[in-house]
Amino acid sequence: MTDKHAAAATLIEFDRVRKAFGAAPPVLDGASFKVERGQLAVLTGANGAGKTTVLRMITGWIAPDDGRVAVAGEEPARLSDAALGALRRAIGIVPQDLHLLADRCVLENVMLAALADGLSLRAAAERARLALQRVGLADWTQMPADLAAGTQQRAAIARAIVNRPALLLVDEPTAYLDAPAAGDLLRLLEEFSRAGMAVLMASHGEPAPLPSSARRLRLAEGRVTE
Amino acid sequence: MRALAVRAHGLREMGRLIRRRPGSFLLAVLLAAAAFTVPLVSASFARSAAPLVRQLPLGPEINVFLAGSASSTEIRQLQSQLTARPGVVQIDWISRDTALKTLAQRTGNSGLAELKANPLPDVLVVTLSPEAAPAEVESAVAELRRMPQVDSVAADVGWHRQLRALLSAAAATGALVGGLVAALLVLTVLASVQLQLNLSAEYVRVMRLVGADRRFIARPFAYSGALTLALGMLVATGLTWASLAAAAPKVVELARTYGATFDLQPLPSQWLAALVAGAAMVGGLIASLGTRWGLRQVR
């Protein structure tokens with residue numbers, strides 16, 4: 001994480017953002033919201049409401065048609081390849097389908113993010129072990145395919161936090177988890193936000209039990225309401 | 001430190017790429033080796049033949065037969081006049097006495113002693129630059145014929161024309177083979193990179209997700225391309241050595257029948273080391289460009 005990203009108070013800022021795909025009605029139409037440091041925000045909305053589009057705009061995968069998307073003061077869609085990489089390393093991303101590589105163990109999967117940040121093998125392994133401990137994973141040598149869905153989710157979160165990001169994005173984290181596992185995961189995300197990390201979680205419905213400190217953002221008809 | 005770490009990561013990932021499809025990697029190395037062997041064998045032959053070729057008179061020669069009345073002073077004047085002419089690289093004066101002595105030696109002096117006077121003329125052998133066009137040679141011959149004290153002029157323009165055509169065809173063939181070899185090498189590396197990229201689509205996606213830029217992602221593929229051509233060159237060196245060892249006795253024997261000495265040698269080891277390093281650099285560059293091209297639409 002760079003000093004610039006770490007110092008920003010407002011980590012996500014959407015200002016009248018519009019995005020349409022083809023001739024279909026816009027997914028986002030004047031969407032505005034902010035997420036500050038230390039907040040746990042839950043973005044809910046129906047299927048196809050645009051939750052994943054919001055996350056993909058934050059990470060620079062897609063650009064808005066109109067309006068402004070800023071992450072720690074930078075507009076991801078306007079960044080060069082190297083600057084976008086630096087921004088993504090300052091953001092922890094847990095996609096819905098996790099994207100754990102099947103050809104390497106959990107520890108090696110988590111290390112990838114640290115290696116992309118330029119750490120040596122030993123330093124990356126050390127940092128990955130700390131991240132895995134933080135999410136409560138003890139067996140690092142297993143292959144992702146051998147893990148339960150909840151454990152895979154935790155491995156993906158460990159990979160997302162290994163570079164100590166200022167912002168954590170989590171897409172549908174409880175979709176495939178039973179109630180106790182979902183509760184554990186939400187408590188973990190709340191811990192991160194208490195430690196100063198901004199957490200934005202996209203979810204189809206409001207996950208229960210949602211921590212009382214969580215901000216509730218609702219995405220419907222292209223706009224975000226609180 | 002960071003620079004070392006990212007390179008070390010690139011090497012480890014290159015190992016994974018190769019282990020994922022070792023057969024494809026080996027095939028690419030063998031294709032590169034086959035492509036490198038052709039120019040390596042040709043270069044080894046050319047280098048071994050260079051001392052022989054240097055002895056051959058490649059520039060066209062014009063024999064200027066002088067009139068019997070030409071004095072030594074006049075001949076020297078003519079010689080310096082011709083030396084100043086553009087395109088002339090050498091002039092040898094074969095005096096009539098030298099010519100007679102040579103003739104006597106060659107014929108065993110049969111009947112020459114009976115001669116009352118030396119019937120042979122003084123001759124100036126004018127050697128033109130090997131680059132001289134046949135038309136230039138013909139023009140020089142015509143000009144020499146008009147000069148004072150020149151009795152007659154002889155030049156084998158036809159032979160020169162044939163030699164030029166032969167060299168020109170050899171150069172064109174060399175360029176064609178070189179171009180084909182280069183194209184084969186580029187295609188081999190690009191195809192290998194494309195295959196590895198296709199097999200690594202999920203790796204690329206994850207690396208973009210965790211913030212790796214294209215340069216970082218391309219590194220293992222570039223290293224793989226470098227290794228492909230470096231190993232290809234090493235294998236080609238071995239193949240060249242084996243080919244030369246097999247061909248040497250027959251080539252040496254052939255040269256001996258023409259009274260020449262031909263020492264068929266592989267290229268020096270320093271050259272080969274430089275070629276392996278160069279192949280690695282070229283392979284890395286091609287693979288790096290190919291990978292970045294393949295990743296151009298990955299945001």
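**Helices in chain B**

Analyst: Let's start with helix 8 of chain B and helix 9 (residues 269-294) of chain B: their axes come within 6 Å and cross at roughly 145°. This is a predicted model, by the way.
User: Which hand does the crossing of helix 8 of chain B with helix 9 of chain B have, left or right?
Analyst: Helix 8 of chain B passes helix 9 of chain B in a right-handed crossing. Sorted by class, the contact between helix 8 of chain B and helix 9 of chain B has 17 nonpolar, nine polar and two charged residues.

User: OK, and what about helix 6 of chain B and helix 8 of chain B, at what angle do they cross?
Analyst: Roughly 140°, and the axes of helix 6 of chain B and helix 8 of chain B come within 10 Å. That makes helix 6 of chain B oblique to helix 8 of chain B. The crossing of helix 6 of chain B with helix 8 of chain B is right-handed.
User: Which residues of helix 6 of chain B and helix 8 of chain B meet there?
Analyst: From helix 6 of chain B you get B:Leu185, B:Val189, B:Ser192, B:Val193, B:Gln196 and B:Leu197, and they meet B:Phe221, B:Ser224, B:Gly225, B:Thr228 and B:Leu229 in helix 8 of chain B. By class, that contact of helix 6 of chain B with helix 8 of chain B has six nonpolar, five polar and no charged residues.

User: How do helix 5 of chain B and helix 6 of chain B pack?
Analyst: Helix 5 (residues 134-145) of chain B and helix 6 (residues 157-199) of chain B pack at an angle of about 160°, with their axes 9 Å apart. So helix 5 of chain B is roughly antiparallel to helix 6 of chain B.
User: And which residues make the contact between helix 5 of chain B and helix 6 of chain B?
Analyst: On the helix 5 side of chain B they are B:Pro134, B:Val137 and B:Glu138, which meet B:Val157, B:His160, B:Arg161 and B:Arg164 in helix 6 of chain B. That contact of helix 5 of chain B with helix 6 of chain B has three nonpolar, one polar and three charged residues. The crossing of helix 5 of chain B with helix 6 of chain B is right-handed.

User: Switching to single residues. Where is B:Thr37?
Analyst: B:Thr37 is found in helix 2 (residues 22-55) of chain B.
User: Is B:Thr37 buried or exposed, and what does B:Thr37 touch?
Analyst: B:Thr37 counts as buried, because it has 21 C-beta neighbours inside 10 Å and the cut-off for buried is 20 or more. Leaving aside its neighbours within four places in sequence, B:Thr37 is in contact with B:Ala236, B:Leu239 and B:Thr240.

User: Now the two chains. How many residues of chain B are in contact with chain A?
Analyst: 19 residues of chain B are in contact with 22 residues of chain A. Helix 1 (2-20), helix 7 (201-209) and helix 8 (214-257) of chain B each supply at least two residues of the side of chain B that touches chain A. By class, the residues on that side of chain B divide into 10 nonpolar, two polar and seven charged.
User: Over in chain A, how many residues of helix 4 are buried?
Analyst: 10 of the 11 residues of helix 4 (residues 106-116) of chain A are buried, so helix 4 of chain A is largely enclosed by the rest of the structure. Among the buried residues of helix 4 of chain A are A:Val106, A:Leu107 and A:Asn109.
User: What do the buried residues of helix 4 of chain A pack against?
Analyst: They pack against helix 3 (81-89), helix 5 (121-134) and helix 6 (149-161) of chain A, together with helix 1, helix 7 and helix 8 of chain B. Just after helix 4 of chain A, A:Gly118 takes a positive phi of about 90°.

User: Which residue other than glycine has a positive phi?
Analyst: A:Ala72 is one of them, with phi near 50°. A:Ala72 sits in the loop between strand 4 (66-71) and helix 3 of chain A. A:Ala72 is buried, with 24 other C-beta atoms within 10 Å.
User: What about A:Arg16?
Analyst: Phi of A:Arg16 is near 45°, again a positive value in a residue other than glycine. A:Arg16 is in strand 1 (residues 10-19) of chain A and, with 14 C-beta neighbours inside 10 Å, counts as partly exposed.

User: Last one: what are the scores of the model?
Analyst: The model scores ipTM 0.86 and pTM 0.77. For chain B, the mean pLDDT is 87, and 98% of its residues reach 70 or more.

Notes:
Residues numbered from 1 in each chain as written. Chains lettered and ligands numbered in written order. Predicted model: local features only at pLDDT ≥ 70, side-chain atom pairs only at ≥ 80, totals over all residues. Contact = placed C-beta atoms within 7 Å. Helix = DSSP H or I, 4+ residues; strand = E, 2+ residues; numbered from the N terminus. Nonpolar A, V, L, I, M, F, W, Y, C, P; charged D, E, K, R; others polar. pLDDT = per-residue confidence, 0-100. Axes fitted to C-alpha atoms, helices over the stretch in contact; angles between N-to-C directions. Parallel < 35°, antiparallel > 145°, perpendicular 65-115°, else oblique. Left-handed = near helix turned anticlockwise from the far one by under 90°. Buried ≥ 20, exposed ≤ 12 C-beta atoms within 10 Å, placed from the backbone.
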